[in-house]
Structure formats: C-alpha cells, structure tokens
Amino acid sequence: MSESGTFLGRPVRSLQTMLRVISRAIPEIPPVIPDGVYGQSTMRAVTALQRYADLPVTGVVDQATWDKIVSMYDGVCEDRMPPRCLAPALSPGQCIVPGEENLHMYLVEAMFKALGRVYENVPEVVINGVNDPQCVCAIKWLQAMSGLPETGEVDRRTWRCLAGLYRLSCGNGGIDHC
C-alpha cells in the first residue's frame, strides 16, 4: 500500500479496522483483529472483499482495492453508526445580547419550543433568529431556573444549561419520551 493510501498514519491497522467494520455488515467478509500486521487473516479478508466487490482477487491492496474498502467503510458507517452530534458552541467570550440577530438563535428558539411541550411554564418564543423580547423572557426564565444571573443574554453558561435541559427533557426527540 502506498504512502498516499495511509489513514491516520497506520495503514495496516486502518485497513484492518475498516475491514472489521465492513465484516459486521457483510458476512462474506471475515472479521479481522486490527493488530497492525498484514497476516493471513487480513489477506483472507482482503481477498473476500475483492471477490465480493468483483475486483481482481490478489490479496494485495492496490489503489482500486483501497478505494473500494474506503467507499464500503463510509457506506457502512453512514448506515450503521449513530449520527454525529451537533455541537454548536459560542466562541469564548461571545454573548448574544437582547436585540441581536444571530444564526445560533434559531437553535436556542427551537430548544425553547421543544421544552414548551414538556414544561407548562416555558415562555413562548417565535423562531426568527433574533434575541427578541419574547426570547429574552425565555432566557431569563432559564437563567432563573439554573441559578444564573438573569441577563437575557445567551452566553456560554446559559447555552450549556439550555442544551443540558433540552437533552435531559427531550432525549431522542420522540414525543412519547417527553
């Protein structure tokens, strides 16, 4: 395998890891233990994958085989792995003040909308991307409930409290969960 085909600087271990993940989805590919050694079990998995993918069965990871393994791995990960977490965060020192328009406010407002389905006393907000008076009221409600200074501003502490309350209250987002 050429240096251009390396993955995280450990090409054999990376190859074995991808083959192992692929083998969970495609039983024709035998599982491999990622030990970093291109031994018999790795060669068996490579030849099985080449056969499965209609590639020349050589047991050698050429560029076409590598590209196919990466493609199959990406497809398996897409289908089987949990989705990546959305982790928007305010920059250090950033604060969304009352009246400010900010794209993060859409998320803030959406979380308050969802929390309003769980808790009766969450102030109503409009989703418009602006820290408007309704949103300031909801932010102050959250800040009071969290023991934070009631500023109506979205700072990092307020953001963490809101995200934490949302995660605890709404879990996977299912209506029956709330």
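Cys95 is partly exposed, with a relative accessible area of 24%; here buried means under 20% relative accessible area, exposed over 50% and partly exposed in between (1.4 Å probe, protein chains only). Cys77, at 15% relative accessibility, counts as buried. The structure holds zero disulfides, a disulfide being a pair of cysteine sulfur atoms within 2.5 Å. In general, a disulfide is a covalent bond between the sulfur atoms of two cysteines.

A word on the ground rules: this is a predicted model, where local features need pLDDT of at least 70 and side-chain atom pairs count only at pLDDT 80 or more, while totals for chains, interfaces and linings use all residues. Residues are numbered from 1 along each chain as its sequence is written, and side-chain values use heavy atoms, with hydrogens and water left out.

**Overall layout**

- The protein chain has six helices and zero strands; these are DSSP runs numbered from the N terminus, with helices being H or I of at least four residues and strands E of at least two.
- Reading along the sequence, you get the pattern α-α-α-α-α-α.
- Of the chain's 178 residues, 35% count as buried.
- Take the contacts (heavy atoms within 4.5 Å) between residues at least 6 apart in sequence: 44% of them join residues at least 24 apart.

**The nonpolar cores**

- A nonpolar core here is a set of buried Ala, Val, Leu, Ile, Met, Phe, Trp, Tyr and Cys residues joined through side-chain atoms within 4.5 Å.
- The largest nonpolar core has 19 residues, and Leu15, Leu19, Ile22, Ile29, Leu49, Ile69 and Tyr73 are the ones that touch the most other members.
- Helix H1 (11-25), helix H2 (40-52) and helix H3 (63-80) are the elements that give two or more residues to this core.
- H3 gives the most to this core, with six residues.
- Ile69 is in contact with Leu15, Met18, Leu19, Ile22 and Leu49, once its neighbours within four places in sequence are left aside.
- Apart from this core lies another one, of 18 residues, and its members include Leu90, Val108, Leu115 and Cys135.

**Helix H2 and what follows**

- The 13 residues of H2 should span 18 Å at 1.5 Å a residue, and its end C-alpha atoms are 18 Å apart, which agrees; the expected span of a helix is 1.5 Å times one less than its number of residues.
- Buried residues in H2 are Thr42, Ala45, Val46, Thr47, Ala48, Leu49 and Gln50.
- After H2 comes Asp54, found in the loop between H2 and H3.
- Phi of Asp54 is near 60°, which is a positive value in a residue other than glycine.
- Asp54 counts as exposed, at 72% relative accessibility.

**Helix H4**

- Helix H4 (residues 104-118) has 15 residues that should span 21 Å at 1.5 Å a residue; its end C-alpha atoms are 22 Å apart, which agrees.
- Met105, Val108, Glu109, Met111, Phe112 and Leu115 are buried in H4.
- Helix H5 (133-146) and helix H6 (156-170) are among what covers the buried residues of H4.

**The salt bridge**

- A search of the whole structure turns up one salt bridge, defined as a side-chain nitrogen of Lys or Arg within 4 Å of a carboxyl oxygen of Asp or Glu.
- Lys113 forms a salt bridge with Glu124, and the closest N and O atoms are 2.5 Å apart.
- Lys113 lies in helix H4 and Glu124 in the loop between H4 and H5, so the pair ties together parts that are 11 residues apart in sequence.
- Lys113 is partly exposed, with a relative accessible area of 34%, whereas Glu124 is exposed at 51%.

**The loop between H3 and H4**

- Ala87 lies in this loop between H3 and H4 and is exposed, with a relative accessible area of 64%.
- The C-alpha atoms of Ala87 and Ala163 are separated by 9.5 Å, though the two residues are 76 residues apart along the chain.
- Asn102 also has its place in the loop between H3 and H4, but Asn102 is buried, with a relative accessible area of 15%.
- Leaving aside neighbours within four places in sequence, Asn102 is in contact with Gln94, Ile96 and Gly129.
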